[in-house]
Amino acid sequence: MIRGLPDDVIFGWKKIAMSGRILVIDDEPQITRVLRAALSAQGYDIRIANDPEEGLHVFRDWTPDLVITDLMMPGMSGVEVCRSIRSLGVTPIIVLSVRDHERSKVEALDAGADDYVTKPFNIQELLARVRAHLRRAPERGTSAIETGDFVVDANAHSITVQGKPIHLTPKEFDLLLHLARHAGKVITHRALLTAVWGAQSAHQPEYLRVFVGQLRKKLESQTGRQYIQTEPWVGYRFMPEGWTENQE
């Protein structure tokens, strides 16, 4: 289904300096495997969703810069995916489909797709289209998040708590950044796992328990306050003003 380069060449590509978040929604393992390899080799941050509902869930929590979606999938169609994404913003959408007739293309484009690529496709051509759409995409906001005791700067990869810098591992940083973006709201275990570790880790809550525990210890040792509230059987809530045991 993919022309241009064999898999062994794709997997051997040298990583180059590209950037951007790309969400791939497709139920064909061969397609997702090769797209993950090809796009990752270009330096993009990739998330894979194997069904439309999961894809929209990842989209809402991860905020990709571009979406590549199949047209024909079980359940929700690619056209419905386009409409849902377009109702949320202007993120570029590339549709992949075995359908080459004009009606399918018009329907997808009317639903909000920015491009339509017919399977089988040439991987180099697809990468060129990805680059073109990302160049035209709105830039991700660069301002730091200032909430409660925290200033979280995603671009500088820095966090200060009560004006003091705090050292976090990359995953701890990603976790706190996602919590800070949704301060005061309950975020489910699945949503956090998908946003920070990818859809393939959505059913591995042990990741979350370990990293939330580490994050809590670091924040409390720095300030003497607690910031991450457990919502039993549901998830976690980030309270940026914090609280002490006496206040609780």
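Student: What makes F150 and Y227 buried?

Tutor: Both F150 and Y227 are buried. Buried means under 20% relative accessible area, exposed over 50%, partly exposed in between (1.4 Å probe, protein chains only). This is a predicted model: local features need pLDDT of at least 70, side-chain atom pairs count only at pLDDT 80 or more, and totals for chains, interfaces and linings use all residues. Residues are numbered from 1 along each chain as its sequence is written, and side-chain values use heavy atoms, with hydrogens and water left out.

Student: Why is the pair of F150 and Y227 called edge-to-face?

Tutor: Rings of Phe, Tyr and Trp (its six-membered ring) pair if their centres lie within 6.5 Å; planes under 30 degrees apart count as stacked, over 60 as edge-to-face and the rest as tilted. For F150 and Y227 the centres are 4.8 Å apart and the planes stand at 85°, so the pair is edge-to-face.

Student: What makes the pair of F150 and F238 edge-to-face?

Tutor: Here the ring centres of F150 and F238 are 5.1 Å apart and the planes are at 70°, so this pair is edge-to-face. F150 lies in strand β9 and F238 in strand β14, 88 residues apart. Strands (E, at least two residues) are DSSP runs, numbered from the N terminus. F238 is buried, as is F150.

Student: Which residues do the ring pairs link into a cluster?

Tutor: The cluster holds F150, Y227 and F238. The whole structure has 2 aromatic pairs.

Student: How do you know whether W233 is buried or exposed?

Tutor: W233 has 84% relative accessibility, so W233 counts as exposed. W233 sits in the loop between β13 (226–231) and β14 (235–243).

Methods
Helices (H or I, at least four residues) and strands (E, at least two) are DSSP runs, numbered from the N terminus.
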